[in-house]
Amino acid sequence: MTRIVEVPAQLDDRTFEQFATSFAEGAPTDKMLFDARGAKWSSPYGFTGLLIAGQSVAEAGGPKPLFTVPEDEQVKSYWTRIGFLRHAAEFFELHGKVPRARAQDESDVLLEVTPVRASEDVHAVVERVQDRSARIVTGELGLEAKAVMGFAMALSEACQNIVEHAGTTGWVAIQAYNWKRRLGRRVVVIAVADGGVGFRKSLEATQAKRIGERWGDGAALECALVQGISRFRDPGRGQGLAGIKRYLERWEGKISIRSGSARLAIVPAWDEDAPLREHLAPFPGAQVQIVIPAAQGTP
Amino acid sequence: MVTTIRLDSLLQEAHPAMTPKNLVTRPTGAAVRTSIEREMTLRRAQVALLDFSELDLVDLSCADEVVAKLLQRMDATDQRYVALTGLTEDQAEAIDHVLSHHQLGVQAITRDSSRPRLLGHFGNDSRAAFDVLIDRGPLDGGALATELGWHSDRLADALQVLCLLGVVIGTGGAFQAVLVA
């Protein structure tokens, strides 16, 4: 029997929990159908999360899930242009007409959905984004020129965590859009996701005993994001997330990391998210979202 | 003797199929550091001046692998020194952050100023003593103490940090910055 996994009409980091709950209702070896017919919009976090779901099924040896593409032609076209449907075809049996990808400069797409497997991929991503990031960070977001390199640094460090820790391929995507909830300003969102071991397993050998009974996905995220702890003994490790946090503090940005059944966020004043959510539906690997808002007064 | 080592060339060497301008990722940083160490051995200069002029981004991982680990691996008795040049403010900030984390330090010149400055783990006294050496050139301890208006003990503590972190050379009672302006 085929199990239906619902893809929310608006897929972002909040509605992702509906999707994760639906995905977690059975085993990855179930026969599944991902129903995205009614989808109207997805953030980079949504796109990369969908790919991780498909990838995790493949890695578990499950049958290739069906994926019904959005019925809305404009939505379908956008999902093609951002590269999602092309990569989704690797993990899903796509149902519905998929438009041919046309070479087009999509102004809101800073980086199409891109796989990250090795250090060379991180180099390629940083090089590709550099020119576009200057235009978006100073132009669209109205931030100072000095914010551009920090943006590239945050991207580099977030992608490197896939290579250094996940043990499997990850995905990155960057988009600009209007963040309507409370902020009412333009934002650039970087999403970096992997279906790897997750923070808990990564840090268990060195941290579980120290933390004791409280050890779990949430505690592991706190160790990494708040305390800068790495699984490596090298004292120079663990600075990547600290560097990202420093950059985001300067530009009023936000970072959230979901791993396993917990999600931890460093929440700026313009957002009303909960810093820590636990007992979420389990989802493989780790999903990072970095949000950089436009400067105040920027239309 | 000072030898300049261009990091963009070593980066190209590490990635011959690309034309990279960004020093990112730990494997790249480790490869570039190995190349720097090779060049320092081959050239036998007392001061290796690492030139960042043609580079854009230096991420924290590379700042750690290239600069911090290079300094950590240097033999304090070898009397060889490292300084940095051609840095942007972003690069200087990343390097300053990782060096402070490791309690290391280095002398650096940024692109927008020819005046050498310190990056990393230095207190106010060390920075003040360094600034005098940059402004006045080589000085003996007595002259330096007079210039700063300090007791000799206070100066000795500051100079010890500067010498241990390899940004000041003390020879025959005189002290000078590794690089002079």
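Predicted model: local features only at pLDDT ≥ 70, side-chain atom pairs only at ≥ 80, totals over all residues.
The contact between the two chains comes first. On one side, 23 residues of chain A take part, and they are in contact with 25 residues of chain B. About 2,100 Å² is buried between chain A and chain B. Carbon and sulfur atoms give 51% of that area. Polar contacts were also counted. Between chain A and chain B, 18 residue pairs are in polar contact, both residues of each pair being at pLDDT 80 or more. Three helices of chain A, α5 (119–140), α6 (146–166) and α9 (239–250), each supply at least two residues of the side that touches chain B. The most comes from α6(A), which gives eight residues to this side. By residue class, the side of chain A that touches chain B divides into seven nonpolar, eight polar and eight charged residues.

The rule finds two salt bridges across the interface of chain A and chain B.

Salt bridges were then searched for in the whole structure. Over all chains, the search finds 35. In chain A, the side chains of Glu144(A) and Lys146(A) form one of them, at 3.9 Å from N to O. The cut-off for a salt bridge is 4 Å. Glu144(A) has a relative accessible area of 44%, so it counts as partly exposed. Chain A also holds a network of salt bridges. Its members are Asp13(A), Lys254(A), Arg263(A), Asp271(A), Asp273(A) and Arg277(A).

In chain B, Arg6(B) and Asp8(B) are joined through their side chains, at 2.5 Å from N to O. The two partners fall into separate accessibility classes. Arg6(B) is partly exposed, at 42% relative accessibility. Asp8(B) is buried, at 15%. A further salt bridge of chain B joins Asp125(B) to Arg154(B), with the closest N and O atoms 2.8 Å apart. This pair links distant parts of the chain. Asp125(B) sits in helix α5 (residues 124–136) of chain B, and Arg154(B) in helix α7 (residues 152–164) of chain B. They are 29 residues apart. Asp125(B) is partly exposed, with a relative accessible area of 26%. Arg154(B) is partly exposed as well, with 39%.

Helix α2(B) was examined next. It has 18 residues. From its first C-alpha to its last, α2(B) reaches 25 Å, close to the 26 Å expected at 1.5 Å a residue.

Just after α2(B), the backbone of Arg44(B) takes a positive phi of about 55°. Arg44(B) is not a glycine. This residue lies in the loop between α2 (26–43) and β2 (47–51) of chain B. Arg44(B) counts as exposed because its relative accessibility is 72%, and the threshold for exposed is over 50%. Gln79(B) likewise has a positive phi of about 55° without being a glycine. Its place is the loop between α3 (60–73) and β3 (81–87) of chain B. With a relative accessible area of 55%, Gln79(B) is exposed.

Residues up to four places away in sequence set aside, Thr80(A) touches Leu85(A), Val98(A), Pro99(A), Arg100(A) and Ala101(A). Glu272(A) lies 192 residues from Thr80(A) in sequence. In space, the two are 32 Å apart, C-alpha to C-alpha.

Methods: Residues numbered from 1 in each chain as written. Chains lettered and ligands numbered in written order. Heavy atoms only, no water. Helix = DSSP H or I, 4+ residues; strand = E, 2+ residues; numbered from the N terminus. Buried < 20%, exposed > 50% of the residue type's maximum accessible area, 1.4 Å probe, protein only. Contact = heavy atoms within 4.5 Å. Buried area = accessible area lost by both parts, 1.4 Å probe. Polar contact = N/O pair within 3.5 Å; in protein donor to acceptor, adjacent residues only side chain to side chain. Nonpolar A, V, L, I, M, F, W, Y, C, P; charged D, E, K, R; others polar. Expected span 1.5 Å × (residues − 1).
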